[in-house]
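My notes go down in the order I looked things up.

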Amino acid sequence: MINTILERCNKGMYQKLLDIGCGNYGWNHYCFNFLEKVQFKVGLDANIDRLRTYKGTDWVVLYYDLNEKLPFLDKTFDICVCLDVIEHLPKDTAIDLILQMQMIGKDVVIYTPEGFFDTLLYQKEYVYSDLDVHKCGFTAEELRDLGFHVNRVGPIFKNKDVCFYGMYGYYIK
């Protein structure tokens, strides 16, 4: 489904994009050619060092604590993208963020592990700050209950004892 979103960006179907938890100029750099026709691109992140990677780009990036209400009016964006973010928030905060995204964006794309993936147990070497710790998990059914279509991907992590999958959730009005 992410390819469908990128194709829509490339065709000019999305003019205003919000990337919540934009991180380093990561997926945006990977998708750069697809995002050229998106006229207004906004990124939010709680890590100031990651936001510095956008210097010299056409992105508007804002330092933002996702525990706070998003500072946008309803239907501000054509699409809200939130990849590998909601699992880093307390569950009630993550649900509130999802509901806000559904109000401020026409379409919403979420990527998260399926279930709770304990980063401190399985990937401690990638935990550099509290922002990197997973605090909650979602099942496919929970995302469906919030109005999302869900596609499972993966496995995203596998060792001799466990196997975790990821999932994309798509909310299209």
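This is a predicted model: local features need pLDDT of at least 70, side-chain atom pairs count only at pLDDT 80 or more; totals for chains, interfaces and linings use all residues.

**Inside the core**

I started at I20, which touches L44, L66, L70, V81, C82, L83, V85, L97 and M101, leaving aside residues up to four places away in sequence.

Next I looked up the core itself. The largest nonpolar core has 29 residues, and L18, I20, L70, L97 and M101 are the ones that touch the most other members. I then checked which elements give two or more residues to this core: they are β1 (16–20), β2 (40–45), β4 (77–83), α5 (91–104), β5 (105–113), α7 (140–145) and β7 (163–172). Helix α5 gives the most, with five residues. There is also a second, separate core of 18 residues, and C9, L35, V38 and Y168 are among them.

**The overall layout**

I stepped back to see the whole thing. I count seven helices and seven strands in the protein. Read from the N terminus, the order is α-β-α-α-β-α-β-β-α-β-α-α-β-β. The protein has 173 residues, and 46% of them are buried. I also looked at contacts with a separation of 6 or more: 65% of those in the protein join residues 24 or more positions apart.

**Cysteines**

How many disulfides does a search of the whole structure find? I got zero.

**Salt bridges**

The structure holds six salt bridges, and I followed up some of them. In general, side chains of opposite charge can pair when their charged atoms come close.

K41 and D58 meet through their side chains in a salt bridge, 2.8 Å from N to O. K41 sits in strand β2 and D58 in the loop between α4 (48–51) and β3, so this pair ties together parts 17 residues apart in sequence. Is K41 buried or exposed? Its relative accessibility is 4%, so I put K41 down as buried. D58 has a relative accessible area of 46% and is partly exposed.

D78 forms a salt bridge with K106, with the closest N and O atoms 3.9 Å apart. D78 belongs to strand β4 and K106 to strand β5, so the pair ties together parts that are 28 residues apart in sequence. D78 is buried at a relative accessible area of 12%, while K106 is partly exposed at 42% relative accessibility.

The side chains of K91 and E142 also meet in a salt bridge, 2.8 Å from N to O. Here the pair links distant parts of the chain, with K91 in helix α5 and E142 in helix α7, 51 residues apart. K91 is partly exposed at 27% relative accessibility, and E142 is partly exposed too, at 28%.

The protein exposes about 9300 Å², and carbon and sulfur atoms supply 53% of it. Which residues make the nonpolar surface patch of about 220 Å²? I noted F40, V60 and L62. V60 lies in strand β3, residues 59–63. With 37% relative accessibility, V60 counts as partly exposed.

Key
Residues are numbered from 1 along each chain as its sequence is written. Side-chain values use heavy atoms; hydrogens and water are left out. A nonpolar core is a set of buried Ala, Val, Leu, Ile, Met, Phe, Trp, Tyr and Cys residues joined through side-chain atoms within 4.5 Å. Buried means under 20% relative accessible area, exposed over 50%, partly exposed in between (1.4 Å probe, protein chains only). Helices (H or I, at least four residues) and strands (E, at least two) are DSSP runs, numbered from the N terminus. Contact means heavy atoms within 4.5 Å. Patches are made of residues with over 30% relative accessible area and no salt bridge: like charges are joined within 9 Å, nonpolar side chains (Val, Leu, Ile, Met, Phe, Trp, Tyr) within 5 Å. Accessible areas come from the Shrake-Rupley method with a 1.4 Å probe; for residues, only the protein chains shown count as cover. A salt bridge is a side-chain nitrogen of Lys or Arg within 4 Å of a carboxyl oxygen of Asp or Glu. A disulfide is a pair of cysteine sulfur atoms within 2.5 Å.
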